[in-house]
Amino acid sequence: MDYKTLAQETAQEILGYNQDTSGWKVVKTSITVSSKASKRFHGNLYRVEGIIPESTTKLSEFLYKPENRVTWDKSLKVYNMVHKIDSDTFICHTITQSFAMGSISPRDFIDLVYFKHCEGNMDIISSNSVDFPAYPPSSNYIRGYNHACGYICSPLKENPAHSKLVMFVQTEMKGKLSPSIIEATMPSNLISFILNAKDGIKAHRIPSGHGSHPNGHSSFLKKK
(Lines give C-alpha, C1' and ligand atoms only; values in the text may rest on other atoms or scores of the structure.)
Protein backbone atom coordinates (compact mmCIF):
# COMPACT_ATOMS: atom_id res chain seq x y z
CA MET A 1 0.00 0.00 0.00
CA ASP A 2 1.23 3.50 -0.84
CA TYR A 3 0.65 5.02 2.60
CA LYS A 4 1.96 8.46 1.66
CA THR A 5 -0.42 8.86 -1.27
CA LEU A 6 -3.35 7.73 0.87
CA ALA A 7 -2.32 10.19 3.61
CA GLN A 8 -2.26 13.08 1.13
CA GLU A 9 -5.63 12.07 -0.34
CA THR A 10 -7.17 11.88 3.14
CA ALA A 11 -5.91 15.37 4.03
CA GLN A 12 -7.48 16.68 0.82
CA GLU A 13 -10.76 14.96 1.71
CA ILE A 14 -10.77 16.61 5.16
CA LEU A 15 -10.17 19.99 3.51
CA GLY A 16 -13.17 19.29 1.29
CA TYR A 17 -15.36 18.59 4.33
CA ASN A 18 -14.26 21.91 5.82
CA GLN A 19 -15.31 23.77 2.68
CA ASP A 20 -18.65 21.93 2.40
CA THR A 21 -21.32 24.02 4.15
CA SER A 22 -24.42 22.13 2.96
CA GLY A 23 -26.50 19.49 4.69
CA TRP A 24 -25.12 19.78 8.24
CA LYS A 25 -27.61 19.32 11.08
CA VAL A 26 -26.63 20.81 14.45
CA VAL A 27 -26.99 18.16 17.16
CA LYS A 28 -25.20 19.92 20.08
CA THR A 29 -24.74 23.62 20.69
CA SER A 30 -22.53 24.08 23.80
CA ILE A 31 -19.61 23.30 21.49
CA THR A 32 -21.02 23.17 17.97
CA VAL A 33 -21.49 19.56 16.84
CA SER A 34 -23.13 18.94 13.47
CA SER A 35 -23.72 15.75 11.53
CA LYS A 36 -24.85 14.45 8.20
CA ALA A 37 -24.90 11.08 6.47
CA SER A 38 -21.44 9.82 5.62
CA LYS A 39 -20.73 8.92 2.02
CA ARG A 40 -18.16 6.39 3.23
CA PHE A 41 -20.30 4.04 5.33
CA HIS A 42 -23.82 3.60 6.75
CA GLY A 43 -23.42 6.10 9.57
CA ASN A 44 -22.74 9.77 10.28
CA LEU A 45 -19.98 12.22 9.49
CA TYR A 46 -19.59 14.56 12.48
CA ARG A 47 -18.22 18.10 12.44
CA VAL A 48 -17.12 19.66 15.74
CA GLU A 49 -16.04 23.28 16.15
CA GLY A 50 -14.35 24.85 19.17
CA ILE A 51 -12.08 27.73 20.13
CA ILE A 52 -8.76 26.86 21.79
CA PRO A 53 -6.86 29.64 23.61
CA GLU A 54 -3.52 28.76 22.03
CA SER A 55 -1.66 29.62 18.83
CA THR A 56 -2.27 27.44 15.78
CA THR A 57 1.36 26.32 15.67
CA LYS A 58 1.30 25.06 19.25
CA LEU A 59 -2.17 23.55 18.97
CA SER A 60 -1.23 21.60 15.83
CA GLU A 61 1.96 20.34 17.45
CA PHE A 62 0.03 19.31 20.56
CA LEU A 63 -2.64 17.38 18.63
CA TYR A 64 -0.15 15.68 16.29
CA LYS A 65 2.39 14.62 18.90
CA PRO A 66 1.75 10.98 19.88
CA GLU A 67 3.88 10.86 23.04
CA ASN A 68 1.51 12.50 25.49
CA ARG A 69 -1.87 11.76 23.87
CA VAL A 70 -3.14 9.34 26.54
CA THR A 71 -2.25 11.80 29.31
CA TRP A 72 -5.00 14.19 28.21
CA ASP A 73 -7.33 12.28 25.83
CA LYS A 74 -9.53 10.46 28.33
CA SER A 75 -11.23 8.40 25.61
CA LEU A 76 -8.03 6.40 24.98
CA LYS A 77 -6.16 3.65 26.82
CA VAL A 78 -3.36 3.34 24.25
CA TYR A 79 -2.03 5.63 21.49
CA ASN A 80 1.29 4.41 20.13
CA MET A 81 3.24 5.25 17.00
CA VAL A 82 4.07 1.84 15.50
CA HIS A 83 5.67 2.91 12.21
CA LYS A 84 7.18 6.26 11.21
CA ILE A 85 7.01 6.91 7.46
CA ASP A 86 8.62 10.36 7.43
CA SER A 87 8.67 13.59 9.46
CA ASP A 88 4.96 14.26 8.97
CA THR A 89 3.43 10.79 8.47
CA PHE A 90 3.12 7.80 10.80
CA ILE A 91 0.95 4.78 11.61
CA CYS A 92 -0.49 4.51 15.11
CA HIS A 93 -2.24 1.83 17.14
CA THR A 94 -5.08 3.10 19.31
CA ILE A 95 -7.17 1.37 21.96
CA THR A 96 -10.22 3.24 23.27
CA GLN A 97 -11.82 3.17 26.68
CA SER A 98 -15.30 1.71 26.95
CA PHE A 99 -18.01 4.36 26.92
CA ALA A 100 -21.77 4.89 27.09
CA MET A 101 -21.65 3.40 30.62
CA GLY A 102 -19.98 0.27 29.29
CA SER A 103 -22.49 -0.39 26.51
CA ILE A 104 -19.76 0.25 23.94
CA SER A 105 -16.74 -1.91 24.67
CA PRO A 106 -13.15 -0.83 23.89
CA ARG A 107 -12.13 -0.85 20.23
CA ASP A 108 -8.72 -0.82 18.64
CA PHE A 109 -7.71 1.01 15.45
CA ILE A 110 -4.72 1.14 13.12
CA ASP A 111 -4.60 4.62 11.61
CA LEU A 112 -2.42 6.45 9.13
CA VAL A 113 -1.79 9.97 10.54
CA TYR A 114 -0.55 12.86 8.39
CA PHE A 115 0.31 16.51 9.03
CA LYS A 116 0.00 19.15 6.30
CA HIS A 117 0.70 22.87 6.58
CA CYS A 118 -1.39 25.05 4.25
CA GLU A 119 -1.51 28.71 3.23
CA GLY A 120 -2.92 31.14 5.77
CA ASN A 121 -1.24 29.35 8.67
CA MET A 122 -3.83 26.55 8.48
CA ASP A 123 -2.81 23.04 9.48
CA ILE A 124 -4.53 19.75 8.64
CA ILE A 125 -3.96 16.62 10.71
CA SER A 126 -5.73 13.74 8.98
CA SER A 127 -6.16 10.08 9.81
CA ASN A 128 -7.58 7.06 8.03
CA SER A 129 -7.62 3.43 9.10
CA VAL A 130 -5.34 1.10 7.15
CA ASP A 131 -4.28 -2.52 7.10
CA PHE A 132 -0.85 -2.90 8.67
CA PRO A 133 0.44 -6.50 8.68
CA ALA A 134 2.55 -6.03 11.84
CA TYR A 135 -0.66 -5.32 13.83
CA PRO A 136 -3.40 -7.71 12.67
CA PRO A 137 -6.75 -7.75 14.50
CA SER A 138 -6.70 -9.71 17.75
CA SER A 139 -9.37 -11.48 19.78
CA ASN A 140 -8.85 -8.97 22.62
CA TYR A 141 -10.64 -6.08 20.90
CA ILE A 142 -13.10 -5.43 18.11
CA ARG A 143 -11.14 -3.71 15.33
CA GLY A 144 -12.92 -0.45 14.42
CA TYR A 145 -12.40 1.58 11.26
CA ASN A 146 -11.91 5.33 10.92
CA HIS A 147 -12.95 6.62 7.53
CA ALA A 148 -11.27 9.93 6.66
CA CYS A 149 -11.10 11.87 9.95
CA GLY A 150 -9.05 14.82 11.06
CA TYR A 151 -8.53 18.26 12.55
CA ILE A 152 -8.18 21.64 10.87
CA CYS A 153 -6.43 24.26 13.00
CA SER A 154 -6.42 27.91 11.95
CA PRO A 155 -5.92 31.30 13.62
CA LEU A 156 -9.10 32.85 15.02
CA LYS A 157 -9.85 35.92 12.90
CA GLU A 158 -10.86 38.03 15.90
CA ASN A 159 -7.81 36.97 17.91
CA PRO A 160 -4.97 35.28 15.95
CA ALA A 161 -3.27 34.26 19.22
CA HIS A 162 -6.17 31.80 19.66
CA SER A 163 -7.20 29.01 17.29
CA LYS A 164 -10.32 27.67 15.69
CA LEU A 165 -10.35 23.88 15.81
CA VAL A 166 -12.66 22.02 13.44
CA MET A 167 -12.75 18.24 13.78
CA PHE A 168 -14.31 15.70 11.40
CA VAL A 169 -15.08 12.17 12.58
CA GLN A 170 -16.67 9.22 10.79
CA THR A 171 -15.94 6.11 12.81
CA GLU A 172 -17.28 2.67 12.04
CA MET A 173 -17.38 0.90 15.40
CA LYS A 174 -17.99 -2.58 13.93
CA GLY A 175 -19.42 -5.28 16.19
CA LYS A 176 -23.14 -5.56 16.83
CA LEU A 177 -23.92 -2.04 18.01
CA SER A 178 -27.24 -0.38 17.38
CA PRO A 179 -26.76 2.82 15.33
CA SER A 180 -29.03 4.62 17.81
CA ILE A 181 -26.53 3.98 20.64
CA ILE A 182 -23.70 5.52 18.60
CA GLU A 183 -25.83 8.50 17.52
CA ALA A 184 -26.88 9.12 21.14
CA THR A 185 -23.36 9.01 22.59
CA MET A 186 -21.03 10.32 19.87
CA PRO A 187 -21.84 14.07 20.18
CA SER A 188 -21.12 14.13 23.92
CA ASN A 189 -17.88 12.20 23.41
CA LEU A 190 -16.75 14.68 20.77
CA ILE A 191 -17.48 17.61 23.10
CA SER A 192 -15.48 15.84 25.80
CA PHE A 193 -12.55 15.57 23.39
CA ILE A 194 -12.53 19.35 22.80
CA LEU A 195 -12.71 20.03 26.55
CA ASN A 196 -9.94 17.50 27.24
CA ALA A 197 -7.78 19.13 24.55
CA LYS A 198 -8.30 22.56 26.15
CA ASP A 199 -7.29 21.23 29.56
CA GLY A 200 -4.44 19.17 28.14
CA ILE A 201 -2.78 21.98 26.23
CA LYS A 202 -2.83 24.11 29.40
CA ALA A 203 -1.03 21.35 31.28
CA HIS A 204 1.48 20.69 28.49
CA ARG A 205 2.37 24.22 27.47
CA ILE A 206 5.44 24.18 25.23
CA PRO A 207 7.90 26.99 26.06
CA SER A 208 8.37 29.37 23.13
CA GLY A 209 11.26 28.25 20.94
CA HIS A 210 11.66 24.90 22.71
CA GLY A 211 12.69 22.29 20.13
CA SER A 212 11.37 24.38 17.28
CA HIS A 213 12.46 24.74 13.70
CA PRO A 214 13.24 28.23 12.38
CA ASN A 215 9.92 27.94 10.54
CA GLY A 216 8.07 27.72 13.85
CA HIS A 217 7.28 24.00 13.90
CA SER A 218 9.10 21.25 15.72
CA SER A 219 11.12 18.79 13.66
CA PHE A 220 8.19 16.39 13.25
CA LEU A 221 5.96 19.19 11.93
CA LYS A 222 7.99 20.19 8.90
CA LYS A 223 6.14 22.53 6.58
CA LYS A 224 5.34 21.14 3.15
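I take contact to mean heavy atoms within 4.5 Å.

**Basis.** I am working from a predicted model, in which local features need pLDDT of at least 70, side-chain atom pairs count only at pLDDT 80 or more, and totals for chains, interfaces and linings use all residues. Residues are numbered from 1 along each chain as its sequence is written, and side-chain values use heavy atoms, with hydrogens and water left out.

**Ile31.** I looked up this residue and found Ile31 in the loop between β1 (25-28) and β2 (32-37); strands are DSSP runs (E, at least two residues) and helices are DSSP runs (H or I, at least four), numbered from the N terminus. Ile31 is buried, at a relative accessible area of 11%, where buried means under 20% with a 1.4 Å probe and protein chains only. Leaving aside neighbours within four places in sequence, I noted that Ile31 is in contact with Val48, Glu49, Gly50, Ile191, Ile194 and Leu195. I also looked up Ile104, which is 73 residues from Ile31 in sequence and 23 Å from it in space, C-alpha to C-alpha.

**Whole chain.** I recorded four helices and 12 strands. The radius of gyration is 17 Å, close to the 17 Å that the globule rule gives for 224 residues, so the chain is as compact as a globular protein of that length; the radius is taken over C-alpha atoms, and the rule is 2.2 Å times the number of residues to the power 0.38. Of the 224 residues, 50% count as buried. Among contacts with a separation of 6 or more, 58% join residues 24 or more positions apart.
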